[in-house]
Each structure stands twice: as structure tokens, then as C-alpha cells.
Amino acid sequence: MGEDERREFTVTTARRVVESLAPEELPAFAATSEAFLRDPERLLAGRRCGDEALGSGIDTVVALLSPAALAVAAAVYDQLVDRAGDAVVRGGDRVLSRLRARFRRRSAVEGDEDSATEPETAEPETAGSLTTGPLTDEQRERVREVAEARARALGLTEDRVRLLVGAIVDSLDRED
Amino acid sequence: MRPAVAGLRTPSGTTVHFASLMALTFAIAATIHWVMMPSGPAAWTREAERCQVRSGSYLGRPPEPRPPEPRPEVIQRYDDFAGCLADRVSDRVLWTAFALSAMFALAVLLYRLQPWWRIRRQRLVELRSADDPELTAYLRSLVVQAGLPRAPVFLVDPLNPRAGGLAFGHGHRRYVRLDAGLLTLFRTDPTSFRAVVLHELAHVRDRDVPITYFALAVWRSFLITALVPMVVGLLWLSWQDVPFRSSPGISWRTACLVLLVYLFRNALLRIREYHADARVSAWLGSADPRLCLPALPGTVTRWPPVWLRRHPRPASRVAALAEPVALLRPGFGECLAAGIVLQLCYVHTATPLLAAGTPFHVFRLLSGGWGAFVTLLVGFAAARGAAVTAVGRRRTPVARWLLRSCFGLGTGTLLGERLSLSGLGDPLPGAVALVAIGVLIGQLVLLSWWVHRCSRLLHRTRLARVRVIGWFAIGTAVSLLGWSCSPLWSSPTNLDRVPSHLGRVGASIADFGDEAAWTGLDHALLLVTWNPVVMEFAAQNLALCTGLVLLWVVPLLLAHRTRIRFALPVGLLGAAAWLVFDLAVKAAMRETIPLSERATDAFRAVLTAWEFSGLLLAQFLVGAAVAAVLFRRAGLAHALFAVATTGLTVSGMIWAFARLGTCVPPLQAMATRCPGVTSGEYAATVLGVVTVEGTVAAVVGYLFGTTVRRVLRRWSRTRAPKIVRTPVGAGTPKPGRAGRLVAAVVATASVAVLALPNSPFETDEESSDPVAEAERTGSNGTEAESGTASGRVWLRGGGVGHFRAVSSATFEFAEDISSNAEVREVRGSAVRLSEVVTEAREFPEPPDSRRAELWDEMLGALDDSARRFVDAFDTGTLDWEALRGVVESLERGVRRFEELLDLWCGEYGDRVLAAC
């Protein structure tokens, strides 16, 4: 269940980022996210070969946002989950809980039967204790720190780091 | 997209080259498996050497100083050699066939698996309509624009951030990969997106996908099934420290071949890219790089160098867009590669055939096919040059293109022979090989120019039927000339012996002049008219003579207007002039030489030389006159026609004089019996010689006539500005049905005479064939060539074993005698020596006469010694006198043995003969 949740969080968050910052990448986003979930390192490494027989011979490399968005979203999720253990002891991590609730609610809206049964089977005690609403400043700051660190590690420029982190945080605030 | 020559689409040539590449790969693999597997290269060499010794047919240089043998015996020896090898090669044939089948099967497997493996390895995902309906609809529209009957499957490469694509697949399953970076351009830069997708669709449309990927699969299969085993085998040989003399030669040649094929493959792939770009340009209706190659202008790629890349430099692609027809122009590199491929294919096909015991005449067919292929390649390049000229700019440097193409083909031929794994000779060509290639290039240049001119004429023709017939005639002429003329150059190395052979034959022919001793010119005239080159390769060569006839009849038939009305009388006038000359010569002959002295072979040859010389002079003048009058008006074809008319008429007269001339006193030369006896073959031979030599005379006369005309024009411009330019006798060119009919009649008559049945000479007047006679007399001479490779082959092929056996048996016999051993024991060693000598005598003698003589004397003396001892012992007459005779014979044999040993050791040292 944890892995599914991580995938769903990563893909949904990254998709929102791509929708807002690089909508031209949407046609390939499904394939990109699938490749990322299968082998993140390989996706982020990219492919070097550019002189294949019957290829176009074009070496122009496009700075894609999708791999970075996926990587940052996954890092945010991992960071939140790692801290969740401490947070539960202290009374629960509100950010993670809010996210879980949001995904369940959206699944219910989409009418998927399997998803509709999910709340009863997936940690009902945690889900029941979660509250929804906008992130607090402290939570937002924590997410921002994680996202920035990961984006810089990926070698993005400062402008793109700023845009990407802002879009990540905004996506977490969205209610849809 | 491709320009058309006379309505036929001009092929780009790359498909043919891909096929050549695959043929080359299979040919090299066949040779590798043949030589290397399964018993190793040394075993193969031993087998070949053994068969050379047994048949007496030594490959490479001939033994010295044996005189040249008549050709039938050479062929018989070769057939014996081939038969000997054929008995030993069944396992190799099976092995090679199995290995090639495995290579082909692996190639097919790799080809079929390649799309699946690529999709799996690169994790390609099919682009679904749901992902972006607008994008998929746009892609469908591009497929329609590309005119593809079946849309390829579009796949997304999520791992690739480049803005590129790739076409791949097999058979009818075609895929187009769209890189993730490219998909973003759909909205941000639709022009670039369209250009890249159309480029990949152009590859699909050009059928590049199956051809290219199968060629790549064959190459990979070759690496796996042939190259790797060969490298392992050579390493194993080195590890075992087996003294195998050919392994360095095989190694560097193989490395060069692999590199060449790799570079050739890359060059072909680059050419394909140019063609795909040109097709995109045609689809978009614009050569603007911003539309066709939007991502490339301004891009600079420095590494890797272009010859290692599969795509051309961006600047080259952009430049090629401006003039796509230039892609079809023939070039040096393309022809160089074709020459290498052709030569390697020839050598690597001939070698297994040689080893498989193929009869001699098959090699004649093979070399004829080689020659036809070479000339067709040049003709192909010339036709493409004509297409470019017709469609491209007004003034194109066609001459330069053709020169480069022919030079590339000739160089490639030479290079291919040096790189072949079969020869393993000296990597640097000798002077004779260089001269031979130079002559070949000259021939090819002339032929390509002719094809170019005919292609231009065809281009102006509108009737489809005429186009087809025209192309067929051009192809036939080119093939016949290549078949008959070019096989000589298929093995430039083997031409080393040709100059000496021709020199001997020429000297023998010239001796007729000394023997006849009529005039001081006889010697020179015989050498010119009975030229050994012409007589050896041209006389009775129907294919060559027919090709030469086609050289003039094709352009005349294709030309809109001809001047046959002028050329025909000039040709007949030339024949009349020859008749006057011939009567004068015969009259002078009758006046100066009595009939009894004239009726000799030498005098017949001298008379024929005078007659042919007169004919050559007449043909030269006819050619010059026609060229001077029809300056720059298809003059060469008309000159050749006029000269052919002269030749045909004179040949008929010579034949008639031989038949009936003896009945007419002014025509009598050497015989008076009426009527004379002659044959159709005589007429064919005369016309063959006349056709070949007349063509040379016509070309020289044409050059002379045009030079004179040019000088006169220049002079008239400077000195006499108002000169009348209407050429005398040219008249008004007629749109020529009658002219073409006359040309066709003369050509048909020429070919019909040339094809008269080949039977031995039956005439009593012209019974001597100077060349055959010269070959017979030339066989008495000796040849001082220094080649001794055959001696080494004899030793390695079993000679050294007999040498060693005789040596040890002799030593044992001598030791027993000198040590006063038991007489019965001495008898035993004498019997053993006699047996060993008998076995050695059954073995072929050494290939060169000096060693063969010593060998015979040695064996005779030793055998005599042993038999004397045995006879004396058995008959009870063994006394001191008998023993002295035994020892003397033994001493004589040992002396010969030492002389023989000195000869071999001085030449080879202990590399071949351990006794040294």
C-alpha cells in the first residue's frame, strides 16, 4: 500500500507541476512517469547516444521538466514519510495525513470501486485523525527545503529551482 | 524526387552499395572459414602446397628457368591441381557452407529481434490517442503527406531528452521513435517537430529501414561468427608458438578490412540522410533549411569526426538541400569503395572456387564477369552524371566527376587486391600492377565519356521504346567491352609475367621480318600490325569487336540527325585508296622477289603486315578527314563509322583476294593456284584485327583532325575573319532514317562476319598465324626470372621428406661401408637406400630445371650404388673392384646431394630445410 501511495503522490504532484510550468511535456508525461517509477536513476541520467542509424541526427537536448518534477516530488514524499514516524509520536504529521486524505477523497470522486473501498482497508485509524486544510507556514517551509535541495542536486538552474519548488508547494495546497 | 534519364528514374546507388556491403561481408566470412576452420590455416597451406607439387602447377611466380609452356598444358596442369584439391576439400566445403548458413541465420535472427530488443531496452511506449488526440491526429496527417500506404507505429522514448527521432523495424513492421524532447516541440516549435517526423517518415518511404537494419544485422553476425573466431584462432596460434608465416599478414589485412567496411557503412548511412533530407524538402516544397532542418543551421559538431559518424555535418546537410540533384553525381569515394568491394568479392569468390577444384574456364567466366561489372559501374556513374547535367546547373564539371570516378574505381581495385586475405603478397604494388591499373583507368575514362554522351542523347529522346532499346544497347556495349577487355586487370599482380611473355611473342613475330628480309620497314610494320597485344586479346574476340561496333552504331542510331551521306563515301574512298596501295605493294613484291622465295610463312606475314599497315594509314586518314569536317558534330561516331566501313570493305577484299586473287595476275602474291582456298574464319580474324586496330587509328585520326580543325579556326579568326565556315561535304544534316539504316546495315554485316564459324585455317595461302608460330618458336627461349617460391612449395609439399629420407639412408649405407660392418647388414642398408630412392623418384621432381637435373642425377647415382652392391653380394662377385664402383657411384650421388643442399640452403637457410 505504501508504495502505491508513493507512486500516486509522486505522479500526481509532478503532473500538476508539469501542467503549470511545461504543458508541452504532457504528451510524454505518462511514459516518462512510468519510466521513472521503474528506474528513476536511468531516467534522470538520460540517454547519451545521438548518432543512431536512420535517426534524425539532431543533437539538440531539450531541458525537460518532467524527470525533475518526478524526482522532486518523490523526494518530498520520502522526506515526509521519514519524518512521519517522529510526527506520529508527537501527535501526527499533518502534511502527510492531509495528502493521504486528499488522494482518498479524489479516488472516491472518480468513482473507482476499488478506490472506494480503500479507506476502510488503509490505516483507518490514521485517516480518521487527519484534518484537511491549507498547509501551515512551517509545513510549507519544510516541503520547500526538501524540494529545493533535491532540485539543486539535479543540477537545475536557480530560476528553474524556484519555479519548480513553487509549483510543488502550490500543488500541495490545491484542493482538487 | 530523383531526376529521370529518358523517363527512367535514376537510382541513387546506395541500395546497390548496401548489397555490395553484404556480399563483401559474406565473401570475407567464406574465406575466413575456409582458411581458418576447422584444421587451421597451416593445414590448409600444406594441402595446397602438396597439390601444387603433385600437379606441377605452381601458383604465383613460375619456376625458373623452365621455358614457357603451351597454354593447353598449363590449363591441364591447373586442372590437375584443382582436381587434387577437390579431393581434399569436401569437409571444408561443408564447413564453410555450414558457417555461412549459421551467419545468415544469425543475421536474420538479429534483424527480426532488433525492433523487439530496441523497444525493450529503450523502454519505448506506444503513443496513444488518449495521451494527446491533437498530436496523434497531426501525426496521421504527416503520414498521409508522406504517401505511406501503412502508418508506422509511433513510440515515445521517455528517457531521451533529445529533439530527435528514429525509424526502425523489420519487414512490413515499421516504427518511428519520437524522443521525449521532440514531443515538447509539437507545441513550442511545430516547424522543427514536423521536419524531424517527416525526416523519419522519409526513411520509411525510401525503404531504408529493412535494407539498413539487415545490413547492420549481417555485419554484427559477421563479427560474432567469423571475426571473433578468427581473432581467437590467431591468438591461439600465437599462444601455441606455431610458426605460421601468414598470421601477421592475415591480421593486418583483416583489421584494415573491418575498418574499411565500418567506414563504408557509415558513409552509406550518411548518404541516406542526405536523401531523406531531400525528400523532406520535396514534400515541403521548399529548400529552406529553416523549414527542412530547423534545428541544424548554425550547429557545429567537432567530435567525433565526420567519417566516424552516421550523420553528415549539419553544414553539409544544409548545403545539400540547395541542390538535391547533386547527390546523384558520381564521386571518388563511392567508386573507391565500389572498387574495393568488387575486387575483394572477386578474390574471395575465386579463392574458394579455386580450392573447390573449379575448372579453368570457370575462372575465365568469373574474370569476364568482373570486367563487365567494372565497366557497368563506370557506366552507371556516367549515366548519373548525365542525369545531373540534364537537371542541374547548365555547366557541370562532368569530366572531372568521371575522371575521379574512374580513378576511384581503379584505385579501389588495386587496394582491394592488396587487402584480400587470399593473396597475402607484398602489400605494395609493383610497377607492372601500377601501369596496368593506369591503363585500366584510361580505358574506363574513355568508356564513361562515351556512356555520358549516349545518355545525353537518350535524355533528348521522347519515345519510350527508343529509350528502352537505347539503354539496352548501351548496357550491352559496356558489358561486352568489359567482358572481353577488362578481365586482364582482375588480378594486377598476375600481370607481372605478361610483359615478358608479350616481349617474347613480339620478338618472334619481328623475326619474320628478318627472315623475309624484303625491306627495312618489315620489322616495324610487323610489330605494329601483328601486335601481340591485339593478336592475343583481340583477334577472334567476338565480344570485343561487337562492343567496338556498338561504340559507333549506338550514338548514330540515337542521334536526331546524321551525316552518314558524307561519312559513307569517305569510308569507301579509304577502301579504294587501300586497293591502290595493295596493288602497288604486290607489284613491287613480284618485281623484287622470285615466286619461290615468296611462298614462305615469313613472307606471308610480311605481306600481311604491309597490307594491314596500308589499311591503318587509310583508316587514320579517313578518321582525320571526317573529324576535320564534322568538327563538334558527333564527329567521333561518324569517324568510327567511316573507318568501320573502310575496314569491312577491305576485309572483304582481302578475303576475296585470298580466294580469287590467284586467278588474276595483278593480284597474285605468293601462290598461283586458281582458285585459292580460304575459310570464313580467315575473314573473321582479319576483320577482328582490322576492327581493333582500326578503332585505335580512328581515335588517333579523330584527335588529329579535330586538332587541325581547331588550329585552322583559330588561325581564321586572327588572320582571315571572313572565312566561310560551311564544312565541305557536310551538307545539310538529314533527320536520318536512311542514314541510320545504312549504319545498321554496316554494323550488322560487321558482326555477322566476325561471328563466322571458328575453324582452323584452311587456306593454303594464309596458313600461318604469326602469333601461334611465335608462341611455338618463343617456347625455345629461356626465362631468367628470379622467382623461387615454387621451389619452397615443392619442399614444403613433401619434397623435404624425401630429401631427408634419402639423406639418412645414404648416410647409413656409407657408414656401414666405412665401418666395415657385417656384409649382410650393409646389404640391408643398400636395399633400404634403393627403396627410398625408388619412392623419391615416384615423387615429382623439383619445379626448376637446375634442381630437377641435380635431383635426377643424385637419385640415379645413389640407386646405382645401392643396386651394384646388392647385385654383387647376391651373385657372389663382391670384390674390391666391385666395391670401388659402388663407392664411386655413392660419392657421385653425395656430391650432387651437397650441390642441391647448397642451392636450397643458400636460398632459404634453415627456414625450410632443417639440414642447413
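**Figure 1. Contacts of A:L164 and the nonpolar cores.** Setting aside neighbours within four places in sequence, A:L164 touches A:V17, A:A68, A:A69, A:V72, A:A147, A:A151 and A:L156. The model shown here and in the other views is predicted. A:L164 is one of the residues with the most contacts inside the largest nonpolar core, which has 241 residues.

Figure 2. Chain A has 9 helices and 0 strands. Read from the N terminus, its elements run α-α-α-α-α-α-α-α-α. The chain has 176 residues, and buried residues make up 33% of them. Take the contacts in chain A between residues at least 6 apart in sequence: 70% of these join residues at least 24 apart.

**Figure 3. Where chain A meets chain B.** Here 28 residues of chain A are in contact with 40 residues of chain B. On the chain A side, two or more residues each come from helix 2 (26-38) and helix 3 (40-45). Helix 2 of chain A gives the most to this side, with 8 residues. By class, the chain A side has 13 nonpolar, 7 polar and 8 charged residues.

**Figure 4. The open sheet of chain B.** The sheet holds 4 strands in the order 3-4-6-5, and its pairing is mixed. Strand 3 (125-126) and strand 5 (165-170) of chain B stand at the edges. Each has a single partner strand, so one side of each has no neighbour in the sheet. Strand 3 of chain B pairs with strand 4 of chain B in the antiparallel sense, over 2 bridges. In that pairing, B:V125 stands opposite B:V156 of strand 4.

Figure 5. Strand 4 (residues 153-157) and strand 6 (residues 173-179) of chain B run parallel and are joined by 5 bridges. B:V153 has B:Y175 of strand 6 as its bridge partner. B:F154 is bridged to B:V176, also in strand 6 of chain B. Strand 4 of chain B is mostly covered, with 4 of its 5 residues buried. Helix 6 of chain B, residues 180-188, lies across strand 4, strand 5 and strand 6 of that chain. The helix runs at about 75 degrees to strand 6 of chain B.

**Figure 6. Helix 15 of chain B packed on helix 16 of chain B.** Helix 15 spans residues 431-460 and helix 16 spans residues 464-485. They pack at an angle of about 175 degrees, and their axes are 10 Å apart. An angle over 145 degrees counts as roughly antiparallel, so helix 15 and helix 16 of chain B fall in that class. Helix 15 of chain B makes the contact through B:Q443, B:L447, B:V451, B:C454 and B:L458. Helix 16 of chain B brings B:R467, B:G470, B:W471, B:I474, B:V478, B:L481 and B:C485. By class, the residues of this contact are 9 nonpolar, 2 polar and 1 charged.

**Figure 7. Helix 21 of chain B crossing helix 26 of chain B.** The axes of helix 21 (residues 564-592) and helix 26 (residues 737-754) of chain B come within 9 Å. They cross at roughly 35 degrees. From helix 21 of chain B, the contact takes in B:I564, B:R565 and B:L568. Facing them in helix 26 of chain B are B:G739, B:V742 and B:A743. This contact has 4 nonpolar, 1 polar and 1 charged residues.

**Figure 8. Two arginines of chain B with positive phi.** B:R123 is not a glycine, yet its phi is positive, at about 55 degrees. B:R123 sits in the loop between helix 4 (90-121) and strand 3 of chain B. B:R123 counts as partly exposed because it has 18 C-beta neighbours inside 10 Å. B:R207, also not a glycine, has a positive phi of about 60 degrees. B:R207 lies in the loop between helix 7 (190-205) and helix 8 (208-240) of chain B. With 11 C-beta neighbours inside 10 Å, B:R207 counts as exposed.

Conventions. Residues numbered from 1 in each chain as written. Chains lettered and ligands numbered in written order. Predicted model: local features only at pLDDT ≥ 70, side-chain atom pairs only at ≥ 80, totals over all residues. Pairing = 2+ DSSP bridges. Contact = placed C-beta atoms within 7 Å. Axes fitted to C-alpha atoms, helices over the stretch in contact; angles between N-to-C directions. Parallel < 35°, antiparallel > 145°, perpendicular 65-115°, else oblique. Nonpolar A, V, L, I, M, F, W, Y, C, P; charged D, E, K, R; others polar. Core = buried A, V, L, I, M, F, W, Y, C linked by C-beta atoms within 7 Å. Buried ≥ 20, exposed ≤ 12 C-beta atoms within 10 Å, placed from the backbone.
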